[in-house]
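Subject: Structure handover

Hello,

Here is the structure I promised to pass on. Please open it alongside this email.

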Amino acid sequence: MTPRCKPFEPVSRYKKVAMRSLHYDGQSLFIELQGDGFAFVRLVFAEPQGFRVLDELDLCEFWDDYHEHNGWFYEVMQGGWLELESQRTTFVTGTMPPPPIEYLLVSDKCVSIFARKPPEIEHLGTN
């Protein structure tokens, strides 16, 4: 399965980031990142259908094209976690309309997210 992703352009102003926190409150997933010059950004996924956090070594099939030097946040078009889960007959999320969108955040820890709509982006300024 060869992944195919496209950069998520609304966050392209942050060339490189470090994940500082990830919080799920049962309703929303909040991911806070620190960019260059101590600029902070928060991604907010309202009612995500699922997410996972893996070490970068567990996603080696992505690294030829989708790594920190080429970007850090992608929409996964094919070959990702959603496609893998969709092979299971008991995976309901992939069959419910509207279809979920899969996102991949690349850092030392990688986060895959299933969401029905793009994240809200909160630019938090500098420290």
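Below are the notes on what was found in it.

First, the ground rules. This is a predicted model, so local features need pLDDT of at least 70, side-chain atom pairs count only at pLDDT 80 or more, and totals for chains, interfaces and linings use all residues. Residues are numbered from 1 along each chain as its sequence is written, and side-chain values use heavy atoms, with hydrogens and water left out.

**Layout**

The chain has one helix and nine strands. Helices (H or I, at least four residues) and strands (E, at least two) are DSSP runs, numbered from the N terminus. In sequence order the pattern is β-β-β-β-β-β-α-β-β-β. Contact means heavy atoms within 4.5 Å. Take the contacts between residues at least 6 apart in sequence: 62% of them join residues at least 24 apart.

**Surface and burial**

Of the chain's 127 residues, 43% count as buried. Buried means under 20% relative accessible area, exposed over 50%, and partly exposed in between (1.4 Å probe, protein chains only). The chain exposes about 7200 Å². Carbon and sulfur atoms supply 51% of that area. Accessible areas come from the Shrake-Rupley method with a 1.4 Å probe; for residues, only the protein chains shown count as cover.

**Cores**

In soluble globular proteins, nonpolar side chains tend to be buried together. A nonpolar core here is a set of buried Ala, Val, Leu, Ile, Met, Phe, Trp, Tyr and Cys residues joined through side-chain atoms within 4.5 Å. The largest one has 20 residues. Those with the most contacts inside it are Ile 31, Leu 33, Leu 43, Phe 45, Trp 72 and Phe 73. Strands S2 (17–24), S3 (28–35), S4 (39–46), S7 (101–105) and S8 (109–115) each supply at least two of its residues. S4 gives the largest share, four residues. Another core, of seven residues, lies apart from it; Tyr 74, Leu 104, Val 106 and Cys 110 are among them.

Beyond its neighbours within four places in sequence, Leu 43 is in contact with residues including Val 11, Ile 31, Trp 72, Leu 105 and Ile 121.

**Backbone points to check**

- Pro 97 and Pro 98 are joined by a cis peptide bond, with omega about -15 degrees. Pro 98 sits in the loop between helix H1 (81–85) and S7.
- Phe 38 is not a glycine, yet its phi is positive, about 60 degrees. Phe 38 is in the loop between S3 and S4.
- Glu 47 also has a positive phi, near 50 degrees. Glu 47 lies in the loop between S4 and strand S5 (50–55). Glu 47 counts as exposed because its relative accessibility is 54%.

Best wishes
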